[in-house]
Amino acid sequence: MKRLLIIVLFAASARAQVVAMAGRDTVVAHDGRVELFDANLSRVWSAEGVADVSRVVVGQGRVAVIDSFANTVAIIDLANGNGERIATGETPVDAAFAGGDLFILDRDANRLQRAGGGSVTLAPDPAYLRAAGGRLLVYSRLEGVVQEIDPRQMRITRKLAMAPFASDFETDGHTGYLVYPGEAKLRTFSVPSMTATGDVGAGVVPVDLAVASRANVLSASRLALADPSAKRVWIVEGSESVSRAVTRGFLRGLLGLGLFSPQSSQFPTGVDRVMTRGSITLAYDSTSRTLYRVRGSKGTAIATDVAPGGFAIASTGVTVWQKGVLRLIR
């Protein structure tokens, strides 16, 4: 019941305003409008949006603004603010651009639809949509399955049974990560082979995940986990094969670099959301509506009374929408 209450409160408060980055520009959806601001925070255009914005997804040259309550998505051209509104199935909760098309996840209709035509029926309670390797991945909470969809043919190509009721699903392109608060675990699977690769203990009650950095020749992917019970954000390494780990360890030893050690940052309140981009990591407490910036072993509050969707990480700082004004925190 507590988890359900948190979700309902998040959805209700997120309707008013959502901020997203489009390269160096900032998209703000609020009060039935969608506005684009340049890097100097000057308004470029303002267009009609949706009544109750729940999510904003940015693609190449376009932005999709979702209204989960009205079953509507506004698709707007970033160049000029022109766009269209399309009807969706029941309760659109997520979307992704892939191959020039927009794909919309309709949770209560158990459907993935392509804007312009075509759809595929999914397992019950599909909650998260991600794009990786030219395919789309959908995690459905009730059955705990990940389904791979071919976006061109709009058909399910592979299916992987994981575990139900994950609170978040992310991918670094090679590995999929599912967060399980009740078990304090992070379960992983290989995206290329669609096989489970294991699970690791993760904090006390982890609820949200962000990929802080992708794997390279010297380090595995780095993940940030928000844990409101522990009042911490945990930084851990992502999953990798044994051969890749051995090779990477050899190279780090050759260069005189030490092994990675898990890290964490402490907060005065229970942060339940984490966001990363470049060298900036943010944590957010939806109860106190406080936004923190992660600095070493602790979090520093940078803004208060911030809506759950009212911030994003820009190339030069953090953009925050408050009281009808967009500001930049460096």
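I began with Asp 108, which is partly exposed at a relative accessible area of 45% (buried means under 20% relative accessible area, exposed over 50%, and partly exposed in between, with a 1.4 Å probe and protein chains only). I then looked up its partner and found that Asp 108 forms a salt bridge with Arg 107, the closest N and O atoms being 3.1 Å apart (a salt bridge is a side-chain nitrogen of Lys or Arg within 4 Å of a carboxyl oxygen of Asp or Glu). Arg 107 is also partly exposed, with a relative accessible area of 26%.

I noted that this is a predicted model, in which local features need pLDDT of at least 70 and side-chain atom pairs count only at pLDDT 80 or more, while totals for chains, interfaces and linings use all residues. Residues are numbered from 1 along each chain as its sequence is written, and side-chain values use heavy atoms, with hydrogens and water left out.

I searched the whole structure for salt bridges and found 15. One of them joins Arg 55 to Asp 94, with the closest N and O atoms 2.7 Å apart. Because Arg 55 lies in strand E5 (residues 55-58) and Asp 94 in strand E9 (residues 92-98), the pair ties together parts that are 39 residues apart in sequence (strands, E, are DSSP runs of at least two residues, numbered from the N terminus). Asp 94 is buried at 2% relative accessible area, whereas Arg 55 is partly exposed at 33%.

I next looked up Lys 185, which forms a salt bridge with Asp 199, the closest N and O atoms being 3.7 Å apart. This pair links strand E19, where Lys 185 lies, to strand E20, which holds Asp 199, across 14 residues. I also recorded that salt bridges with shared partners join Arg 55, Asp 94, Arg 130, Asp 168 and Glu 170 into one network.

I turned to the sheet around E19 and E20, an open one of four strands in the order E17-E18-E19-E20 with antiparallel pairing (two strands pair if DSSP finds at least two bridges between them). Strands E17 (168-171) and E20 (195-201) stand at the edges with a single partner strand each, so one side of each has no neighbour in the sheet. Six bridges join E19 (residues 185-190) to E20, and Thr 188 has Gly 198 in E20 as its bridge partner.

Last, I checked the largest nonpolar core, where Val 27, Val 56 and Val 65 touch the most other members among 17 residues (such a core is a set of buried Ala, Val, Leu, Ile, Met, Phe, Trp, Tyr and Cys residues joined through side-chain atoms within 4.5 Å).
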